[in-house]
Amino acid sequence: LDYSDDAIVERLSGRPVEAALLYSAKAAAALQTLIRWPALRDLFEKTTVFALSARIAAALDDVAGEKIRIAREPHEEALLELLLIWR
């Protein structure tokens, strides 16, 4: 799908994204595209990314920098545990 910058910003309510949960490398690649999109950069500037595994985190190609957390085990419970202790 090919959305315009305005359409994506509208779907995100024009507000910065605080957290993103990644369950797959495909989702990580999609998020990487959004983070690198010039019109959206500000919305993802402070996003903390929570990945189900190191393999999924690696698919981000370092766009999340130090703001990435990886679940201790590759299952949803461990991923959501990270979200609960975040902040």
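Helices and strands here are DSSP runs, numbered from the N terminus. With that in hand, the tour can begin. The model is predicted.

Start with the overall plan. The protein has five helices and three strands. Along the sequence they follow the pattern α-β-α-α-β-α-β-α. The radius of gyration is 13 Å, close to the 12 Å that the globule rule gives for 87 residues, so the protein is as compact as a globular protein of that length. Its C-alpha atoms fill a box of roughly 35 × 25 × 20 Å, taken along the principal axes.

Now look at how the chain packs. Take the contacts in the protein with a separation of 6 or more: 62% of them join residues 24 or more positions apart. Buried residues make up 31% of the 87 residues. The accessible surface comes to about 5900 Å². Carbon and sulfur atoms account for 52% of that surface.

Charge comes next. The protein carries 11 positive and 14 negative charges.

Turn to the aromatic rings. A search of the whole structure finds one aromatic pair. Its partners are phenylalanine 50 and tryptophan 86.

Phenylalanine 50 has a relative accessibility of 1%. Buried means under 20%, so phenylalanine 50 counts as buried. Tryptophan 86 has a relative accessible area of 24% and is therefore partly exposed.

End at a backbone detail. Most residues other than glycine have a negative phi. Serine 13 has a positive phi of about 60°, although it is not a glycine. Serine 13 has a relative accessibility of 55%. Exposed means over 50%, so serine 13 counts as exposed.

Terms used:
Residues numbered from 1 in each chain as written. Predicted model: local features only at pLDDT ≥ 70, side-chain atom pairs only at ≥ 80, totals over all residues. Heavy atoms only, no water. Helix = DSSP H or I, 4+ residues; strand = E, 2+ residues; numbered from the N terminus. Rg over C-alpha atoms; globule rule 2.2 N^0.38 Å. Buried < 20%, exposed > 50% of the residue type's maximum accessible area, 1.4 Å probe, protein only. Contact = heavy atoms within 4.5 Å. Areas by Shrake-Rupley, 256 points an atom, 1.4 Å probe, with all protein chains shown as cover. Lys, Arg positive; Asp, Glu negative; His and termini not counted. Charge placed at Lys NZ, Arg CZ, Asp CG, Glu CD. Phe/Tyr/Trp six-rings, centres within 6.5 Å; stacked < 30°, edge-to-face > 60°.
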